[in-house]
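Colleague: Could you take me through this one? I would like to begin with the helices.

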Amino acid sequence: MGLLGIVLGGWLCWLILTGRMGKPSGGQIAALVMALVGGAIAARGRPVIGGGMAMAGLAWLSRKPRVARATQPPVQDDARLRESLDLLGLPRDATRAAVTEAHRRLIARTHPDAGGTAALARNINAARDYLLAHLPQ
């Protein structure tokens, strides 16, 4: 049991040091328990069953973690960028502050409460949101 414990401990240290096992998830904890129980069973005289359990647990622990797909930013649509800038009356090199100021100026005149239409106010808000999302900080 001593040699198997050293091997399992070494493998666990390797997993942690290589970054394959950071904060353990529920599946990793279950695999670790399975590997330890398998090691104990192998040490008690059933090496085939215990060794199989230990190897299955270690195989689960040493697999590469799934990486969530990074969401890529939407492709900057030049036509939509031009339309948004034209709607707010801004030049192509407008700053975030200029976008905010132009939005405030326009929305004050075109808001439904000020006699404008809801559709135009929605378009102005969408243009502002698009520009703020695509302009550098």
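Predicted model: local features only at pLDDT ≥ 70, side-chain atom pairs only at ≥ 80, totals over all residues.

Colleague: At what angle do α5 and α6 pack?

Modeller: The angle between α5 (residues 96-110) and α6 (residues 118-134) is about 175 degrees, and their axes lie 10 Å apart. Since angles over 145 degrees count as roughly antiparallel, α5 is therefore roughly antiparallel to α6.

Colleague: Which residues of α5 and α6 meet?

Modeller: On the α5 side they are Arg96, Val99, Thr100, His103, Leu106, Ile107 and Thr110. Their counterparts in α6 are Leu120, Ala121, Ile124, Asn125, Arg128, Leu131 and Leu132.

Colleague: And by class, what does that contact of α5 with α6 have?

Modeller: The contact of α5 with α6 has eight nonpolar, four polar and two charged residues.

Colleague: Which residues are buried in α5?

Modeller: Val99, Ala102, His103, Leu106, Ile107 and Thr110 are buried in α5. Viewed down the axis of α5, the buried residues fall within an arc of 125 degrees, so they line one face of the helix. These buried residues pack against α4 and α6.

Colleague: Which exposed residues does the face turned away from the buried side of α5 carry?

Modeller: That face of α5 carries Ala97, Arg104, Ala108 and Arg109.

Colleague: What span should α5 have?

Modeller: At 1.5 Å a residue, the 15 residues of α5 should span 21 Å, and the end C-alpha atoms are 21 Å apart, which agrees.

Colleague: Changing topic: where is the place of Leu90?

Modeller: Leu90 sits in the loop between α4 (78-88) and α5.

Colleague: Is Leu90 buried or exposed?

Modeller: Leu90 has a relative accessible area of 14%, and under 20% counts as buried, so Leu90 is buried.

Colleague: What does Leu90 touch, leaving out residues up to four places away in sequence?

Modeller: With those residues not counted, Leu90 touches Leu85, Ala98, Val99, Ala102 and Leu131. Of these, Ala102 is 12 residues from Leu90 in sequence, with a C-alpha to C-alpha distance of 7.6 Å.

Colleague: Finally, α2. Which residues are buried there?

Modeller: Gln28, Ala31, Ala35, Gly38, Gly39 and Ala42 are buried in α2. They cover an arc of only 100 degrees around the axis, which puts them on the same side of α2.

Definitions and conventions: Residues numbered from 1 in each chain as written. Heavy atoms only, no water. Axes fitted to C-alpha atoms, helices over the stretch in contact; angles between N-to-C directions. Helix = DSSP H or I, 4+ residues; strand = E, 2+ residues; numbered from the N terminus. Parallel < 35°, antiparallel > 145°, perpendicular 65-115°, else oblique. Contact = heavy atoms within 4.5 Å. Nonpolar A, V, L, I, M, F, W, Y, C, P; charged D, E, K, R; others polar. Buried < 20%, exposed > 50% of the residue type's maximum accessible area, 1.4 Å probe, protein only. Arc of directions from axis to C-beta. Expected span 1.5 Å × (residues − 1).
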